[in-house]
Amino acid sequence: MAYTEEELKKELETKEYEYGFYTDIESDTLPKGLNEDIVIAISKKKEEPEWMTEWRLEAFRAWKEMEEPEWANVTYEKPDFQNISYYSAPNKKPKYNSLDEVDPELLETFKKLGISVDEQKKLAGVAVDIVMDSVSVATTFKKTLAEKGIIFCSISEAIQEHPELVKKYLGTVVPKKDNFYAALNSAVFSDGSFCYIPKGVRCPMELSTYFRINQAGTGQFERTLVIAEEGSYVSYLEGCTAPMRDENQLHAAVVELIALDNAEIKYSTVQNWYPGNNEGKGGVFNFVTKRGLCEKNAKISWTQVETGSAVTWKYPSCVLKGDNSIGEFYSIAVTNNFQQADTGTKMIHLGKNTKSTIISKGISAGQSQNSYRGLVQVNSRAENARNFSQCDSLLMGNRCGAHTFPYIEAKNKTAQIEHEATTSKIGEDQIFYCNQRGIDTEKAIALIVNGFSKEVLNKLPMEFAVEAQKLLEISLEGSVG
Amino acid sequence: MDLKEKLVSSFMAFEDGLDLDHPVHEERSNAIKNFETKGFPTKKDEAWKYTSLKGLQKIDFSIFPKQETTLEYKDVKKYFLHDIDTYKIVFVDGVYSSYLSETTHDGVDVCLMSSAFSKPMFQQVIEVYFNKAASKDESLTSLNTAFSKEGAYIYIPKNKMPKKPIQILHLATGNEAALMLQPRNLIVAEDNAEVQIIERHQSLTGNEVFTNSVTEIFAGKDAIVDYYKVQNDAPTASLVDNTYISQKDKSVVRVHTFSLGGKLIRNNLNFYQNGERIDSTLKGITILGDKQHVDHHTLVHHAQPNCESHQDYKGIFGDSSTGVFNGKIIVDKIAQKTDAFQQNNNILLSDRSTINSKPQLEIFADDVKCSHGCTIGQLDEEALFYLRSRGIPKKEAKALMMYAFANNVLESVRIPELKARINKIIAEKLGVRMGFDL
Amino acid sequence: MLEIKNLHASVEDKEILKGINLKVNAGEVHAIMGPNGSGKSTLAEVIAGQEEFEVGEGNILLEGEDLEELSPEERAHKGVFLSFQYPVEIPGVSVTNFMKTAINESRKAQGLEDMPASEMLKKIREKSEMLEIDRKFLSRSLNEGFSGGEKKRNEIFQMAMMEPKLAILDETDSGLDIDALRIVANGVNKLRSKDNAIIVITHYQRLLEYIIPDFVHVLYNGKIVKSGTKELALELEEKGYDWLKEEAAV
């Protein structure tokens, strides 16, 4: 190893200085900066097999040659990639001893979202002295899954326990060199989820990373791999509505979905990373690569509710490789204050009779910028491809911006593509109408926004939808003056 | 020597003999510097993602035609809209042909940029308007500015309207093996003036022609400008058309672009609304075959409140042709009550044809109505069957439907003879004899 | 119930209401008629608290309480209901969801718990039957794609749900065919009681054949120029408004 004990200790001290409240930090933190040695060290710490180390190194070498993309409609101060520590073992010790120590503003939000006290503690990182409900839930949960042959574990565990599956599929949908952030993630990913649904199995419950927050920690460079074997079905929930405060400014996750013949994957995300304060200071940069591959008759459906992050760069996509495969993208992106979001999807039609649907609802408030960027591509052999896209923007106030950048490329004469976009605002007449029925302005706005987003909210699993609805309300609070 | 180098090194020779004390000299010098820095756009430029100029840059174009050529009117008559009386400004290989032209100074000025540059009576207009709407940043526009010398100059004073429409015709004789042309047009319609203009580029042989044209149009308060671009050139003729339109309060400017032939056409059509209650209309019909490539790149910048814009582009693409539509609408923060509408509909006829469409909205004001729609599809099979069941043969039925598809774009053409002419060209394109008129 | 004293209101410095005086007691139905542009809709919206209008002189008292400082929703909580002449569309929000929100917000303002779902459902069923409204209609987006008649019927449905003290029906008859008019009028009549009051704003006498008013007022040029009983409506139907204009001009 390239570091001496001395160096580690030094690094440790700086860390302590930075985050004063970490009284007892694990000695398991690598120094700042990124080079081949660090990549090897990460792999070693995770006790990975050699092929995995080599895989990471290849990604790192590719990343070194790449440049950070600038085409997105966002402006931010680029992170200094040499000033980030790329490995820090999950912090097992709770940050606080009781809820009283937690930021009251955060607790207020928890309350509005209707999150239970236990859950609040877990989310805020407060020590819990009783065995928490969800832990036992998680245990029974795992048992049910195992009976069906479903594998649902952390990606680190999967690399150890199911190397053949990881080796076969990792990086097949999002290649290591796909883009700057994907390459970075491939080199240094800390952890994430792995999910495998055997042939013909219908996963009996919504798989959710929610349950594992305390177990693994979400990490800065999350890696998710979902494999649905022939004829299987899974619904996967990611993220949670509670605001996620994180000291890490940069998040670059990669999610790969593989839907083999006749399989279906439904992937729902609610993202509420810390967006920065109302002056635009702080906040998470969320640069995510999400992509799914559909084989014959397979279906992948992405649903997302994006309310957090200071900067979002995210395009959950579908490669419709198999004939008759279906891709769907349903999205609500809310930006307020100084948030910037550049999000959308790519639907790549390769197979015959492939279908895709895109419904995007952008809501901009404050001084935020909200962009939809999408690609619908019909390749020359994709006979009878169909696409329908609808991008609606709602502007609240006139200090914000709504942008639509759809790319439509058709190389087959049998393609049928329809794209529609509209921009509107909440009418004063609508507000007055609601007021007259006894509904105050804030509630009226929430009602109208929910109505605007309904087509997407309807796509979320029930309990997620209710939370998401509340989240929309909270995200837009105080946006109308 | 590649084309860029050749152009840059020819600049001094070009300016030799021109008045270097003229204010335009400085514009030209700045422009050539910008072009030298930026060069030809490449596919890496987002705006040129779908159109490559690489092939053109390999051709050894002559920049200054060596000889003047005279043409007989009867030989080129068919390129004019000859069934109505019009003013004509005609250029042969970039050189003004007084023989084929009919200009005027009777209340309005319909003449040449070269006169406008050199005669003191036009100097004020040149100072106020020349290169004021055109981009100083875009490299091909700069290239044209650097070599700006000749083109159409049309000045319509307050409350005036020329007696008849104006035709601008650029003919290329093929006397050069490969010729590059850079016409520069300036059109000014002062307050409450009105003018109708038809512009056409025509190559007469199979030799390569590359035209990089810039047109600036200024519409004063309540002015009405109708501009028709007829692009039905030879398969060896390429055109980059950069048009910049600056509009004042309550003016109406309508630009129709008919892209029916040529090798590579790129239309950069930019509208700047610098006043209130402005109406801008951009319409286009594109019908392509062979390996033709047409790229419509439009921008409508709503910078003031209460304005409207209407865009409607229809494309029919056969053989190995490629169509590109890139339409951008920007609505500034103060441009409340904007009503911006954009529509792009395409039909692919062949397995080898391609369409890339990129309709964009950038909205910074909340009280606006903006929408865009884009479709790519085929002819409606049911409708086709219906027509055939009424005894219309398949080919004619298809043509009829394609006609109907493009029809609403022709509706707003205000010169009936031009409408008829476009109809005829479309009929020829579709390869059928029309027993009907639309 | 309602007392309006010397009410003046203007929009963008243009005075529309020029001193309205009106007293409506509980249990009464008042009709306000008048030619286009006389200020009828303005009066309705000013009572409901539309902030677009600048209220100059005068007061509006509801059960003795001055409404001036109250927001539109607070007025609604106190029992003011306006059936809009042009009901607004709210995409994605179902009629049911809208009503649920409206009723519970009013209850909240009165310190009451949310209405239990079963009670809400029962009420919805009852009122929709009364107004012969198809249940499917209730799951549609509010007023979006509704015909003129459906919009008006939906307004009266909301009135039935909210049980206001003071209901103002602004041109509820416009856009209704004769059958729909009968259904709507029946509904309104069933909602009449000794504890509430209704103001019917209309252009034509037609609606007043079904909803029989206790008093009829003619509004012209921002003032009530004539008041009377239901016979006045018939007289207006016969003679038009011109004779009143002449009278007012004198």
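**View 1. Chain A as a whole.** Of the 481 residues of chain A, 51% count as buried, where buried means that 20 or more other C-beta atoms lie within 10 Å of the residue's own, exposed means 12 or fewer, and partly exposed lies in between, with C-beta atoms placed from the backbone. The model is predicted: local features need pLDDT of at least 70 and side-chain atom pairs count only at pLDDT 80 or more, whereas totals for chains, interfaces and linings use all residues. Residues are numbered from 1 along each chain as its sequence is written, while chains are lettered from A and ligands numbered from 1 in the order in which they are written. Among contacts in chain A with a separation of 6 or more, 83% join residues 24 or more positions apart. Two residues are in contact if their C-beta atoms, placed from the backbone, lie within 7 Å.

**View 2. Confidence along chain A.** The average pLDDT of chain A is 81, and 78% of the residues score at least 70; pLDDT is the predictor's confidence in each residue, from 0 to 100. Residues 8-27 of chain A stay under 50, and the model has 17 contacts beyond four places in sequence for them. Another stretch with pLDDT below 50 is residues 210-218 of chain A, with 14 contacts in the model beyond near neighbours in sequence. Where pLDDT is low, the predicted coordinates should not be read in detail.

**View 3. The side of chain A that touches chain B.** In this interface, 31 residues of chain A are in contact with 31 residues of chain B. Strands S18 (386-395), S19 (401-410) and S20 (416-425) of chain A each supply at least two residues to the chain A side. S19(A) gives the largest share, 10 residues. By class, the chain A side has 12 nonpolar, 13 polar and six charged residues. Ala, Val, Leu, Ile, Met, Phe, Trp, Tyr, Cys and Pro count as nonpolar, Asp, Glu, Lys and Arg as charged, and the others, Gly among them, as polar.

**View 4. The side of chain C that touches chain A.** Here 21 residues of chain C are in contact with 18 residues of chain A. Helix H2 (72-77), strand S8 (90-94) and helix H3 (95-109) of chain C are the elements that give two or more residues to the chain C side. The largest share, five residues, comes from H3(C). The chain C side divides into 11 nonpolar, eight polar and two charged residues.

**View 5. The two domains of chain B.** Chain B is divided into domain 1 (3-274) and domain 2 (384-438), with bounds from an automatic or database domain assignment. Taken over C-alpha atoms, the domain centres are 31 Å apart. Their contact takes 13 residues from domain 1 and 10 residues from domain 2. On the domain 1 side, strands S8 (194-203), S10 (224-232) and S12 (252-261) of chain B each give two or more residues, and S12(B) gives the most, with four. That side has seven nonpolar, three polar and three charged residues.

**View 6. An annotated span of chain B.** An unreviewed UniProt entry carries the annotation "domain: SUF system FeS cluster assembly SufBD core" over residues 175-405 of chain B; UniProt positions are given in the numbering used here, feature names are shortened, and annotations may be inferred rather than shown by experiment. The span is 9% helix and 61% strand, and its end C-alpha atoms lie 40 Å apart.

**View 7. Val125(B) in helix H6 (residues 120-129) of chain B**. Val125(B) counts as partly exposed because it has 18 C-beta neighbours inside 10 Å. Not counting residues up to four places away in sequence, Val125(B) touches Tyr155(B) and Val188(B).

**View 8. Helix H5 (residues 148-162) of chain C.** This helix has 15 residues and reaches 21 Å from its first C-alpha to its last, close to the 21 Å expected at 1.5 Å a residue; the expected span is 1.5 Å times one less than the number of residues. H5(C) is largely enclosed by the rest of the structure, because 12 of its 15 residues are buried. The buried residues include Glu150(C), Arg153(C), Phe157(C) and Met161(C). They pack against strand S7 (80-83), H3, helix H4 (117-130), strand S10 (166-170) and helix H6 (178-191) of chain C.

**View 9. Helix H1 (residues 40-48) of chain C.** Nine of the nine residues of H1(C) are buried, among them Lys40(C), Leu43(C) and Ile47(C). Just after H1(C), Gly49(C) has a positive phi of about 95 degrees.
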